[in-house]
Amino acid sequence: MPAEAKPDATARTSSSPLTERQEARRRRILHASAQLASRGGFDAVQMREVAESSQVALGTLYRYFPSKIHLLVATMQDQLEHMHGTLRKKPPQGETAAERVAETLMRAFRALQREPHLADAMVRALTFADRSVSPEVDQVSRQTTVIILDAMGQADPTPEQLSAVRVIEHTWHSALITWLSGRASIAQVKIDIETVCRLIDLTDPRRET
């Protein structure tokens, strides 16, 4: 079993609104997780070390995150939130929606490229995630969708556009995996991202038929 889990850790603070103190504690945990992963990747993120680094009791850590997989997927969602904030401050400049989305995803990719151990840990966690981690995985997917829709400038997407966004998300995730495994270059990733982003133009309801 790849996840370092505690079987009786069923209650999670994240299932209910957090107090200011609880949110600060959660932020420390996520920061510690990211720091450990940045230095040593997936294997370096051990729950006891995360607890020590974030200055919380091990039992408290498990109430927030029942396993390392839960923690690292939540860390990815947190990293995407930070990226989204950066992207909002400096929006993509492409003339078309497809160009803006491609630029956005490549900027996100390059941010992950700067922290390859962290990127590898988070992507591995997503790969290992089972149904128990569905809420956290769904949050990652929703955050990615929001980032893409913002780049598109689309607040009310059609079902066809949402389908295109899902395919783009799948391609981006696959590109991360192939790059991390050394099976794709940055240039190849860029080509794949730009190619799949053309679906945005194809599903634009304003497109001439």
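Are Tyr64 and Phe65 buried or exposed? Both residues are buried, where buried means under 20% relative accessible area, exposed over 50% and partly exposed in between (1.4 Å probe, protein chains only).

1. Basis of the note. This is a predicted model, in which local features need pLDDT of at least 70 and side-chain atom pairs count only at pLDDT 80 or more, while totals for chains, interfaces and linings use all residues. Residues are numbered from 1 along each chain as its sequence is written, and side-chain values use heavy atoms, with hydrogens and water left out.

2. Fold content. The protein has ten helices and zero strands; helices (H or I, at least four residues) and strands (E, at least two) are DSSP runs, numbered from the N terminus.

3. Overall dimensions. Along the principal axes, the C-alpha trace spans about 60 × 35 × 30 Å.

4. Burial and contacts. Of the 209 residues, 44% are buried. Among contacts (heavy atoms within 4.5 Å) between residues at least 6 apart in sequence, 75% join residues at least 24 apart.

5. Aromatic pairs. The structure holds three aromatic pairs. Rings of Phe, Tyr and Trp (its six-membered ring) pair if their centres lie within 6.5 Å; planes under 30 degrees apart count as stacked, over 60 as edge-to-face and the rest as tilted. One of the pairs is Tyr64 with Phe65, tilted, at 6.5 Å centre to centre and 35° between the planes. Another is Phe109 with Trp179, edge-to-face, at 5.2 Å and 65°. The latter pair links distant parts of the chain, with Phe109 in helix α5 (residues 97-113) and Trp179 in helix α8 (residues 159-180), 70 residues apart. Phe109 and Trp179 are both buried.

6. His84. This residue lies in helix α4 (residues 68-89). Its relative accessible area is 7%, so His84 is buried. Neighbours within four places in sequence aside, His84 is in contact with Gln143, Val146, Ile147 and Asp150.

7. Thr145. Helix α7 (residues 134-152) contains Thr145, which is buried because its relative accessible area is 17%. Leaving aside neighbours within four places in sequence, Thr145 contacts Val165 and Glu169.
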